[in-house]
Amino acid sequence: MASTLLKRASFSAMKSAVVGLQIGASSRAFAAVAVGTDLVSAAPDVSLQKARSWDEGVSSKFATTPLKDIFKAKKVVIFGLPGAYTGVCSQQHVPSYKNNIDKFKAKGIDSVICVAVNDPFVLNAWADKLEAIDSIEFYGDFDGSFHKSLELDKDLSVALLGPRSQRWSAYVVDGKVKVINVEEAPSDFKVSGGDVILGQI
């Protein structure tokens, strides 16, 4: 009897976790950032951390990159995801940009950037594993300040991930958002992929 109750409780907890990932995010599917938003102004004093090895981090004295250096006077496609080494992120999201990198370049895009609430050292290892480190620029948002500033943050504690980001993509010219796509739930992959935003540029 006790075993049956335990199994039912475990199943209920697992079901709640899945529902939380798939549906819970829909309460704030769209963030404060919108077409016309200047990302540099919207996230003042925020810097990102370029993916690199630990030794490179030490030699650079853990330098960070101001947003103006990333976006100003450039055409950038940027996409954010819940985290390195997670399912949809590894199997679909990053590959959709990696596999289209030549098409982005043909459209005059200066940089294709992936940003996640991870430290830059984990992102570096993940990018290398995905063989995407030479085509996509990876940046860490280690404390989530970039995503919080844009209201693109998301608590994914239900999946043991803690504070993370929503799944999204944007086309940014000289710091200003021209296109923004935000998934209704972090487990979704409907509007934030490389193929979608290619058709929006």
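Start your tour by selecting Val94, Val112, Trp126, Ile136 and Phe138: of the 25 residues in the largest nonpolar core, these touch the most other members. A nonpolar core here is a set of buried Ala, Val, Leu, Ile, Met, Phe, Trp, Tyr and Cys residues joined through side-chain atoms within 4.5 Å. Buried means under 20% relative accessible area, exposed means over 50%, and partly exposed lies in between (1.4 Å probe, protein chains only).

Before you click further, note that this is a predicted model, in which local features need pLDDT of at least 70 and side-chain atom pairs count only at pLDDT 80 or more, while totals for chains, interfaces and linings use all residues. Residues are numbered from 1 along each chain as its sequence is written, and side-chain values use heavy atoms, with hydrogens and water left out.

**Stop 1**

Helices (H or I, at least four residues) and strands (E, at least two) are DSSP runs, numbered from the N terminus.

Zoom in on Ile136. Which residues does Ile136 touch, not counting residues up to four places away in sequence? They are Phe79, Val94, Tyr97, Lys98, Val112, Ile113 and Cys114. A contact means heavy atoms within 4.5 Å.

Another core, of 21 residues, lies apart from the largest one; select Ala43, Val46, Ile70 and Val76, which are among its members. In soluble globular proteins, nonpolar side chains tend to be buried together.

**Stop 2: helix H5**

Next, select H5. This helix has twelve residues and reaches 16 Å from its first C-alpha to its last, close to the 16 Å expected at 1.5 Å a residue. The expected span is 1.5 Å times one less than the number of residues. Show the side chains of Cys89, Ser90, His93, Val94, Ser96 and Tyr97, which are buried in H5.

Pick out Ser90 from that group. Is Ser90 buried or exposed? Ser90 counts as buried because its relative accessibility is 19%. Leaving out residues up to four places away in sequence, Ser90 touches Tyr85, Pro95, Trp126 and Leu130.

**Stop 3: Ser111 in strand E4**

Move on to Ser111, which lies in strand E4. Ser111 has a relative accessible area of 6%, so it is buried. Besides Lys75, the contacts of Ser111 include Val76, Val77, Lys105 and Glu137, not counting residues up to four places away in sequence.

**Stop 4: the charged pairs**

How many salt bridges does a search of the whole structure find? The search finds four. A salt bridge is a side-chain nitrogen of Lys or Arg within 4 Å of a carboxyl oxygen of Asp or Glu. Side chains of opposite charge can pair when their charged atoms come close.

Select Lys72 and Asp38, whose closest N and O atoms are 3.8 Å apart in a salt bridge. This pair links distant parts of the chain: Lys72 is in the loop between helix H4 (67–71) and E3, Asp38 is in the loop between helix H1 (2–22) and helix H2 (39–42), and they are 34 residues apart. Lys72 counts as partly exposed at 34% relative accessibility, whereas Asp38 counts as buried at 15%.

Lys176 is in strand E9 (residues 176–182), 138 residues from Asp38.

Then select Lys50 and Glu137, which form a salt bridge too (3.8 Å, N to O). Lys50 lies in strand E1 (residues 47–50) and Glu137 in strand E5 (residues 137–140), so the pair ties together parts that are 87 residues apart in sequence. Finally, show Asp38, Lys72 and Lys176 together: salt bridges that share partners join them into one network.

**Last stop: the whole chain**

Zoom out. The protein chain has nine helices and nine strands, and buried residues make up 45% of its 201 residues. Among contacts between residues at least 6 apart in sequence, 71% join residues at least 24 apart.
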